[in-house]
There are 2 protein chains.
Amino acid sequence: MKAAIFVEPGKMDVKEMPKPKIEKPGQAVIRILRACVCGSDLWWYRGISKRESGSLVGHEAIGIVEEVGSDVTTVHPGDFVIAPFTHGCGYCAACRAGFDGSCLNKPAGRNGGYQGEYLLFEQANWALIKIPGKPENYSDEQLNNFLTLADVMATGYHAATSAEVKPGDTTVVIGDGAVGLCGVIGARLRGASRIILMSHHEDRAKLGREFGATDIISKRGKEAVAKVMELTNGAGADSVLECVGATSSIEEAGKVARPGAVIGRVGVPQTEPSSNTLFWKNIGLRGGIASVTTYDKNLLLDEVLKGNINPGKVFTKRFDLDHIQDAYEAMSNREAIKSLIIVADK
Amino acid sequence: MKAAIFVEPGKMDVKEMPKPKIEKPGQAVIRILRACVCGSDLWWYRGISKRESGSLVGHEAIGIVEEVGSDVTTVHPGDFVIAPFTHGCGYCAACRAGFDGSCLNKPAGRNGGYQGEYLLFEQANWALIKIPGKPENYSDEQLNNFLTLADVMATGYHAATSAEVKPGDTTVVIGDGAVGLCGVIGARLRGASRIILMSHHEDRAKLGREFGATDIISKRGKEAVAKVMELTNGAGADSVLECVGATSSIEEAGKVARPGAVIGRVGVPQTEPSSNTLFWKNIGLRGGIASVTTYDKNLLLDEVLKGNINPGKVFTKRFDLDHIQDAYEAMSNREAIKSLIIVADK
């Protein structure tokens, strides 16, 4: 089979390698249809974080179950599934509390291998999400919507739940990448009545409005904070989604939040926020790895099936597996909001 | 009038000075009956933080309204009141959201002057809490209960609300000072079914049990964390009250929390916690200055009047104003859980 690998910063490749085999009773082999590139992949693609040369890459996909281990009873060969980047067991205290992204039994080792023809998936019994019917029943747009449920839409929603967005909230979303844009959808699903998106790119702001943003702030730094204060009569926002992970954006989140608000953060934090600032304004900080399976099964898959949300619009460029280098470059150069990779047609 | 002042680290005094006068329409002058020493006062008493020599001290009291400014219509001379350390306006976005401890209109400058015969109180119209009847209608024990509603009981309750304690929770309370002990009461009021108190002092552990703690952990560090994990089948606690503010205790809170739990912190943070650890476990961090007036008016005064809670038991030594030095020493040397100061008999 063919699979994408990381060679060195700025360089991806596609290699021929053996098709994975079931080694443990909880695993499944998935034949991948569509995969994509994540903003977090850019950390190692750009050489900011380390990654082993030759390692398998990608952590978001949809596909067809090819084979299952003896413990897997919820999905069967031929089933159409979402393969999340998380691997919740479904029965530990974390999963039961709705935090399968921090499953107490999650497999050790780096996630990867979704950008390839076949994927060996751990804890398949609970973590995989079955999509009704077959891929050929769905439009190209719907397939892209499903693909976002492997990570980005669930992560945007996690930002909104972590920020404890309530009906009627004025919510600020920091970050106009694919996660931030899905955060706008998440805030809308939770009932925010005003959604202020910080965006410096016209195409992203436009999609943000389509997803539910009521206000766009294109200024940066102090001016952006002043604008939020103006829009909220000096009070600050009821909830803030921090979808970047940079120190400056967490600090900005603290500044635009009203006392008692909660910041929901899903960007992997590069450094620690100044929690003293948060303390004096009684601002909460929640977030982490998204509860992908929980959200998909309880809400998001339904919203996609009903046509209520169209998060797949974040894919603004598409590639095949052989053009994996181009897919990463387009993301890294901000030519694509998110790069789609068509691995197989059906 | 007589009032306590800070002289230098380790040295308090009582000075004769002019009785305060109403200077602004929102103020009230309160004749103090009982005041007390707070754990946070020890930061400057011990010289760890700076405080101006000669400054008025104390931020918790009950007393009788002596005089009110022209804007004050909710309390009248002769009313028996709790004088909280917070000064919520009652109408800003923070107060309306229930966070009067972070009121957007709070008066500038350092709080103080409650340990004296008369107190000039800011934003009296909303922030003061009227106690029904007269002091002579209540027992010594009830007067002490009322006094805790000026800060320590409300702060303990804020730890529990910030930690989002839910009915049925297994809750860990870190800190066996007066705030931590009131945090145990707070967790019980919110319905926690198991309350694990970290306590290294037999007298405090005993009071903790009386207040509702179901388990006491007297070990420290790794052993204490291991004990919580043992008591929670390896999962960690559903909610954690951090009532110290030291870096080590925030870190301990992160270690004993199960994924998805929230840490409620009320100890003024000395340094920032490692938020990376929190991220990977999806652990939230909330807290700050307590919503004293909100909690007192909505719940705590009622609970005290009905005899459901007895937080006044944290006062284990009593002094008069002339013995202010002894009151601070007893707290600093851990001879008293909390020092009560009787300023006037009635």
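User: Why is B:Asn282 called buried?

Analyst: A residue counts as buried if 20 or more other C-beta atoms, placed from the backbone, lie within 10 Å of its own C-beta, as exposed if 12 or fewer do, and as partly exposed in between. B:Asn282 has 27 C-beta neighbours inside 10 Å, so the residue is buried.

User: Is B:Asn233 buried or exposed, and where does B:Asn233 lie?

Analyst: B:Asn233 belongs to the loop between helix H8 (221–231) and strand E11 (237–242) of chain B. With 10 other C-beta atoms within 10 Å, B:Asn233 is exposed.

User: How do you know that the two copies are related as by a two-fold rotation axis?

Analyst: Copies are superposed by least squares on the C-alpha atoms of residues with pLDDT of at least 70 in both. Chain A superposes on chain B by a rotation of 180° with 0.0 Å of shift along the axis, at an RMSD of 0.0 Å. The two copies are thus related as by a two-fold rotation axis. The same surface serves both copies, since 100% of the contact residues of chain A recur in chain B. Of the residues of chain A, A:Leu285 comes closest to the axis, with its C-alpha at 2.6 Å.

User: What counts as contact between the chains, and how many residues take part?

Analyst: Two residues are in contact if their C-beta atoms, placed from the backbone, lie within 7 Å. The contact draws 29 residues from chain A and 29 residues from chain B. On the side of chain A, the elements giving two or more residues are helix H2 (93–96), strand E12 (257–265), helix H10 (275–280) and strand E13 (284–287).

User: Which domains does chain A have, and where do their bounds come from?

Analyst: Chain A is divided into domain 1 (2–151 + 291–342) and domain 2 (153–287); such bounds come from an automatic or database domain assignment. The contact between them takes 17 residues from domain 1 of chain A and 15 residues from domain 2 of chain A. Helix H11 (residues 292–305) supplies 5 residues, the largest share of the domain 1 side. The two domain centres, taken over C-alpha atoms, are 26 Å apart.

User: Why does the radius of gyration of chain A agree with a compact globule?

Analyst: The radius is taken over C-alpha atoms, and the globule rule is 2.2 Å times the number of residues to the power 0.38. For 346 residues a compact globule would have a radius near 20 Å; chain A has 20 Å, so the two agree. Of these 346 residues, 57% count as buried.

User: What conventions apply to numbering and confidence?

Analyst: Residues are numbered from 1 along each chain as its sequence is written, while chains are lettered from A and ligands numbered from 1 in the order in which they are written. Because the model is predicted, local features need pLDDT of at least 70 and side-chain atom pairs count only at pLDDT 80 or more, whereas totals for chains, interfaces and linings use all residues.

Notes: Helices (H or I, at least four residues) and strands (E, at least two) are DSSP runs, numbered from the N terminus.
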